[in-house]
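Okay, thanks for coming, everyone. I've got a few minutes on one model, so let me put it up on the screen.

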Amino acid sequence: MSTYAIGDLHGCHAEFVALLEKLSFNPARDTLWLVGDLINRGPGSLECLREVRALGSSARSVLGNHDFHLLVVARGGGKLKKNDTLSDILGAPDREALLDWLQSQPLSVFENSTLMTHAGLLPQWSVAQTESLGREVQMALGSEASGEFLTQLFGNQPDSWHDDLDGMDRLRLTVNVLTRMRFIDAQGRLDFAAKEGLDSAPEGFLPWFQYPRDDDTRLLFGHWAALEGNTPQARVPVEALDTGCVWRGRLTALNLDSGERTSVASLQQEKRQ
């Protein structure tokens, strides 16, 4: 019995199947933790959604920013972007069942002193606070007003956490931290412009994992392919799982018990922008 955490799929279905084969993954015995961004950019977004959903309780996934983008396009009045690869999902006969399943996924998974989110969490947030804030978003996603919530979701403000945040500002900031964050300043203010490696940090900003925390929870995240799985000068126990499969990198699984990493090479023929 093994539990594996796998980095961003981004529609890399063939690589996902190859990685599961390399792991000798058995859904009757083993469990997958998927760090979000199951879809978009790669050619097999529809197949990835179907595959993960079919695994049932053997797979635990969190929502990433691209997963939210799909929901906003499908149910919140959003527009497809130039390089999206979501049309197959939007036109699929099982579209609504897939969207319902995706919309029901959490923003964090916590077990055995290990917390998984798509992008990370603020240093000042405890695990309990992170889970509680994520549940608030889940409640909004599951409410009769979920379409209105999705319509208002995207935006860069507010860009820092305050305990008295409420309403849409509180929900948007929670989603942005858990699915979009890379660099923050010492006060926890988010930067949304820098998306490359560590040398792209704006002045006064550091990667979120280079700030200390008050606990020793192991943190799993994806989202940041430019790190190539590395977290230099981390001040917390952290594992970066996005190794850039859709950018001609690798798809990586971490055995949560042994710490061993297993990867397969990308099959993408050209770098996608």
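This is a predicted model: local features need pLDDT of at least 70, side-chain atom pairs count only at pLDDT 80 or more; totals for chains, interfaces and linings use all residues.

Residues are numbered from 1 along each chain as its sequence is written, and side-chain values use heavy atoms, with hydrogens and water left out.

So, how many salt bridges do we get? By salt bridge I mean a side-chain nitrogen of Lys or Arg within 4 Å of a carboxyl oxygen of Asp or Glu. With that rule, the count is 12.

Let's start with Arg 60, which pairs with Glu 111; their closest N and O atoms sit 2.8 Å apart. Arg 60 is in strand β3, residues 59-61, and Glu 111 is in strand β4, residues 109-111, so this pair ties together parts that are 51 residues apart in sequence. Helices (H or I, at least four residues) and strands (E, at least two) are DSSP runs, by the way, numbered from the N terminus.

Buried or exposed? I call a residue buried under 20% relative accessible area, exposed over 50%, and partly exposed in between, using a 1.4 Å probe and protein chains only. Arg 60, at 30%, is partly exposed, and so is Glu 111, at 37%.

Next one: Arg 172 and Asp 169, with 3.4 Å between the closest N and O atoms. Both are in helix α8, residues 167-180, three residues apart, or about one turn of the helix. Here Arg 172 is buried at 12%, whereas Asp 169 is partly exposed at 36%.

Then there's Arg 189 with Asp 185, at 3.2 Å for the closest N and O atoms.

Now over to helix α2, residues 45-54. Which residues are buried there? Ser 45, Leu 46, Cys 48, Leu 49 and Val 52. They span an arc of only 165° around the axis, so they end up on the same side of α2; that arc is taken from the directions from the helix axis to the C-beta atoms.

And what do those buried residues pack against? Among the partners are α1 (13-23), β2 (31-34) and α3 (65-75), where contact means heavy atoms within 4.5 Å. Strand β3, the one with Arg 60, is on that list too.
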